[in-house]
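Let's take a friendly walk through a protein model together. Have the sequence and the 3D view ready as you read.

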Amino acid sequence: MEVARTRLDWVDMAKGLSIFLVVIMYCATSVGEDTGQAGFLHWSIAWAMPFRMPEFFVLAGLFLSQVITRDWKSYADRRVVHYFYFYVLWALIHIVFKELIVARDVSGTATSLAWALIEPYGILWFIYMLGVFGLVSKLLHSLRAPNWAVLGIAAVLQMANIKTGSYLVDQFAEYFVYFQAGYLAAPYLFKLADWVHDHAALALSGLVAWGVINGLMVFSPGFRMDPVHPQMGWAALPGLHLVLALAGSVAVCVAAALLTKLPWMRWLGWLGSKSLIVYVSFVLPMGVVRIILLRFGLDDPNLVSVIIMVVSIG
């Protein structure tokens with residue numbers, strides 16, 4: 001049982017890597033927005049752009065098969081209400097803190113609270129979309145929609161680069177394919193993690209090769225470093241972007257499986273087991289500490305980004 005538990009620890013390790021990437025991204029872009037400068041974290045997160053958010057949804061879909069056949073009440077409690085509860089709670093906290101307490105904008109606060117029920121609010125869009133993806137997946141399962149057909153249609157939606165102006169619709173089209181991919185590929189990813197556990201050297205070699213290829217695709221002609229919205233090169237092309245996102249998601253799983261072999265990295269797995277807590281709450285200390293540092297005249301994008309990253313996760 002201990003061996004089996006160890007071999008499943010890679011899931012928490014992967015979630016730990018995921019939350020690090022997300023926190024780094026928001027810390028870097030927020031500092032870039034305030035200072036107009038790009039630091040080394042901007043380049044790091046630019047390299048991870050093809051898979052940074054997709055792998056989060058792939059991991060979220062890994063255990064869907066274990067609950068999708070449950071009755072609606074049991075399923076909704078686990079995969080729909082669970083996420084909407086956290087979304088509503090933290091949307092209220094974020095909006096009241098940022099718009100009522102800090103900005104003292106009563107009418108703006110009321111407007112944001114109303115819109116947050118219709119459109120995902122700020123960084124919490126991920127939690128909102130998990131609830132939506134869970135609901136849609138159950139509906140499709142109840143209608144006996146062929147899983148691979150759903151995946152194919154979701155892939156077409158992603159490659160279509162849909163821009164309707166509705167954040168809910170656009171994010172659904174962009175990311176539903178990854179949630180479905182995690183759901184359908186789960187058995188293969190668990191087998192891959194077992195294989196990595198027993199073939200560490202070969203897995204590490206493959207990981208290095210993938211990292212180089214991913215970087216070449218991102219920093220290819222067309223790449224533009226912007227402190228807030230960097231633009232990928234060839235990696236942004238429809239179809240290729242989807243392939244790189246899925247490849248990067250698999251790579252995160254491989255990296256996580258390798259990290260479980262390092263006892264001194266167990267803290268990352270623990271952090272991954274608390275990833276939802278970090279995700280909904282890190283933006284508040286991030287904003288407060290960034291404002292304090294900048295007001296004291298510290299505007300080096302590298303140092304400020306690292307400090308607020310450590311504080312936010314801490």
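## How to read the model

This is a predicted model, in which local features need pLDDT of at least 70 and side-chain atom pairs count only at pLDDT 80 or more, while totals for chains, interfaces and linings use all residues. Residues are numbered from 1 along each chain as its sequence is written, and side-chain values use heavy atoms, with hydrogens and water left out.

## The whole chain

The protein chain has 15 helices and zero strands. Here, helices (H or I, at least four residues) and strands (E, at least two) are DSSP runs, numbered from the N terminus.

How does the radius of gyration of the protein chain fit a compact globule? With 314 residues, such a globule would have a value near 20 Å, and the protein chain agrees because it has 20 Å. This radius is taken over C-alpha atoms, and the globule rule is 2.2 Å times the number of residues to the power 0.38. Along the principal axes, the C-alpha atoms fill a box of roughly 50 × 45 × 40 Å.

## Inside the protein

Buried residues make up 49% of the 314 residues in the protein chain. Buried means under 20% relative accessible area, exposed over 50%, and partly exposed in between (1.4 Å probe, protein chains only).

A nonpolar core is a set of buried Ala, Val, Leu, Ile, Met, Phe, Trp, Tyr and Cys residues joined through side-chain atoms within 4.5 Å. The largest one has 95 residues, of which Trp10, Phe57, Trp125, Phe126 and Tyr279 touch the most other members. Helix α1 (residues 2-35) gives the most to this core, with 14 residues. A second, separate core of seven residues includes Ala46, Met217, Met232 and Ala235.

Is Thr29 buried or exposed? Thr29 lies in helix α1, and Thr29 counts as buried because its relative accessibility is 14%. Leaving aside neighbours within four places in sequence, Thr29 is in contact (heavy atoms within 4.5 Å) with His42, Pro227 and Val228.

Phe63 sits in the loop between α3 (54-60) and α4 (72-79). With a relative accessible area of 28%, Phe63 is partly exposed.
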